[in-house]
Each structure stands twice: as structure tokens, then as C-alpha cells.
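Please read the following report alongside the sequence and the coordinates.

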Amino acid sequence: MAKLVFLPILFSFFLLPFSSLALTQDFCVANLLLSDTPAGYQCKPAAIVTSNDFYFSGATSPVTIDPFNISFVPAYGSYFPGINGMSLSGVRVFLGTDGVVPLHSVPRANEIIFVVKGTIMAGFITSNSNVVYTKTLSQGDMFLFPQGLVRFFYNVGNTPAEVFGVFSNQNPGIQITDYALFGNILPAEVVAKVTYISVAEVLRLKLFFGPRTLGA
């Protein structure tokens, strides 16, 4: 019984510095001159915080992923100082006709997508029973992807589509399955053994995808 009473007290002491920070500061704008940490960036001195720290331009040049006919503008903590410590970030995704956001996972965040324009098919796969949940989404629709689950969406319309996503983490992370399997430095024989794909096909896919960093 004494242990049960002691545990909440122990956790309260552990969480006190973080909860106190949240209660005594309105925000903690990231000081991007310093290194990122598991808890986020250190706070920029309040005297040099400006309105621009709380502003992000969605017109920023997007990152293009050519094989899938998509591009995206990430609004993560390292790009948007004002969201530091708020467990929040976003992304703007552009899908050309037949554009595909391929199978991928977001290991550190739940995600909600909002269709700005166009029509897409979105879905995710559960972790234990591999049940698939899919939905066709049109302009104004929203869809939830639970944290860590493999998900995808693609353009099913005749015109380009645009999607805005919100994450429950300032650094959500992203792992695209194709690049994880074929963009790594594992020998083709090892990849073939663990995927049951022929060595020849693995070599072809390695050449196609190659090592790549997506800036997540």
C-alpha cells in the first residue's frame, strides 16, 4: 500500500519541472541556433521573439518526391519556431493527377488530414489483425490516422489535389515503406531474404529508390 501511495508522489516530482514550465510561460519559441533535444528546442529569449516566430508561409518551396507525383511543405518544429513545446505541427501536401502518398508510418504522432481540394482515397492498416480502413474524401472532408499505423492516400480525381495534415507532435517523423526497404544500405541478399522478393527485383528497386532523406 505504501508503494502505491509513493508512486504518484514520485511521478509528481518527475513531472513538476515540465508542468511548471507550462503554467508559468505562455509559449517557448524555439531557439534554432541551439541543438534540438528529445524535449524540443530551448526557448528563445522573450525579448527577441517576434510575430514571425508564430507565422509559417505555406507558399514555401515544397519537397518533391518524383516517383509518386507528390510534393509537400513541412511545418515541423525545426521550420516553425512558435510551435516548439506545443505537441503540434503540420504539413501541406500536393498530389498531381494519379499522385500517391505511399504506404508509410508516422511513429511519434496521431494525424488528421483535411482535403483542401480534389478527391482522394485514404486508409490505414491496424497493427495486429491487419484490418484496413479506407474512405474516399472530397473537399472539406477530414480523416484520422492513429499514431504509428501504416497509412496511405492517393488522388482518385481528374485534377490535382491538396491536403493539409496536422500532427500531435512537433517532430512527428515519417518512414515511407519503399525507402525503408529499398533505400537502405542492407545487401540485396538480406532484403530478399526478409521480404521474399527476388534478389534481381531488390536490386532494381534499390537502384530506383536509392538512399534518400525526406527531411522529416
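## Helix crossing

In this predicted model, helices H3 and H4 cross in a right-handed sense. Helix H3 covers residues 188–195 and helix H4 covers residues 199–209, and their axes come within 9 Å of one another while crossing at roughly 115 degrees. Two packed helices are described by the angle between their axes and the distance between the axes.

On the H3 side the contact involves Ala 188, Glu 189, Val 191 and Ala 192, which meet Val 199, Val 202, Leu 203 and Lys 206 on the H4 side.

## Salt bridges

Side chains of opposite charge can pair when their charged atoms come close. With a side-chain nitrogen of Lys or Arg required to lie within 4 Å of a carboxyl oxygen of Asp or Glu, the count comes to four salt bridges. Among them is a pair inside helix H4, where Arg 204 and Glu 201 are three residues apart, about one turn of the helix, and where their side chains meet with an N to O distance of 2.8 Å. Arg 204 is partly exposed, its relative accessible area being 46%, and Glu 201 is likewise counted as partly exposed, at 27% relative accessibility.

Another of these salt bridges joins Glu 111 to Arg 151, with the closest N and O atoms 2.7 Å apart. Because Glu 111 lies in strand E5 and Arg 151 in strand E9 (residues 150–155), the pair ties together parts that are 40 residues apart in sequence. Both Glu 111 and Arg 151 are buried. A salt bridge is also formed between Asp 53 and Lys 44, whose closest N and O atoms are 3.0 Å apart; since buried means under 20% relative accessible area, Asp 53 counts as buried at 7% relative accessibility.

Why can Val 166 be called partly exposed? Its relative accessible area is 33%, and the partly exposed class lies between the buried limit of 20% and the exposed limit of 50%.

## Thr 177 and its surroundings

Thr 177 lies in helix H2, which spans residues 177–182, and at 29% relative accessibility Thr 177 counts as partly exposed. When residues up to four places away in sequence are not counted, Thr 177 touches Leu 103 and His 104. Thr 177 and Ser 105 are separated by 72 residues in sequence, while their C-alpha atoms are 7.8 Å apart in space.

## The chain as a whole

The protein chain has four helices and 11 strands, and 35% of its 216 residues count as buried. Among contacts in the protein chain with a separation of 6 or more, 65% are accounted for by residues 24 or more positions apart. The chain exposes about 12,900 Å², of which carbon and sulfur atoms supply 64%.

How values were computed:
Residues numbered from 1 in each chain as written. Predicted model: local features only at pLDDT ≥ 70, side-chain atom pairs only at ≥ 80, totals over all residues. Heavy atoms only, no water. Buried < 20%, exposed > 50% of the residue type's maximum accessible area, 1.4 Å probe, protein only. Axes fitted to C-alpha atoms, helices over the stretch in contact; angles between N-to-C directions. Helix = DSSP H or I, 4+ residues; strand = E, 2+ residues; numbered from the N terminus. Left-handed = near helix turned anticlockwise from the far one by under 90°. Contact = heavy atoms within 4.5 Å. Areas by Shrake-Rupley, 256 points an atom, 1.4 Å probe, with all protein chains shown as cover.
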